[in-house]
Amino acid sequence: MNKPGPISAKPLSVLLSGVFSDAYAKQGFAARELVMRWAEIAGPELSAHCEPLKIQWPRPVEGQPQEPATLVLRVEGPMALEIQHASDVILQRVNRFLGWSAVGRLALRQAPLSRRARPAASRAPDAKSVAQVAETLSSVEDEELRAALARLGASIKRN
């Protein structure tokens, strides 16, 4: 009797990459990295207020060089003017990321962004609760380790 081979599980991203690639291709994106890494490309100040919707490629004309594409950005209403003023910077960053002058202009669409709510940054525990936990750690000889464990314990108790 033959023994079955080892089971190798594939990551979900590998299994769904074709599905996502097709969806992004319909919006003009050759790869999803422009959308997924938008915060790195545009920078935190700009990416907080805009996101790429699609890339519109002009139809090629026979005998003419290919015209650059138009990147369509969804922008929060009040920030549209600021994004428009930063359009040269955005175009440079996008083209640098893509490795060639693929995008020649921006088109802005004012609408709410579809971003997820980011988790709130955790704050340090108050000194009183840290001191209470530190009292229970008298057996720890290293002062720095005791302080770190006290902060950790106070944070755990808070949550």
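This is a predicted model: local features need pLDDT of at least 70, side-chain atom pairs count only at pLDDT 80 or more; totals for chains, interfaces and linings use all residues.

Modeller: Residues are numbered from 1 along each chain as its sequence is written, and side-chain values use heavy atoms, with hydrogens and water left out.

Biologist: What span does helix α6 reach from its first C-alpha to its last?

Modeller: Helices here are DSSP runs (H or I, at least four residues), and strands are E runs of at least two, numbered from the N terminus. α6 covers residues 87-98, 12 residues in all. The expected span, 1.5 Å times one less than the number of residues, is 16 Å, and the helix comes close to that, reaching 16 Å.

Biologist: Which residues of α6 are exposed on the face turned away from its buried side?

Modeller: Buried means under 20% relative accessible area, exposed over 50%, partly exposed in between (1.4 Å probe, protein chains only). Ser87, Ile90, Leu91, Val94 and Asn95 are buried. They sit on the same side of α6 because they cover an arc of only 125° around the axis, taken from the directions from the helix axis to the C-beta atoms. The face turned away carries Asp88, Gln92 and Arg96.

Biologist: Where does a positive phi turn up just after α6?

Modeller: Look at the residue that follows the helix. Its phi is about 95°, and the residue is Gly99.
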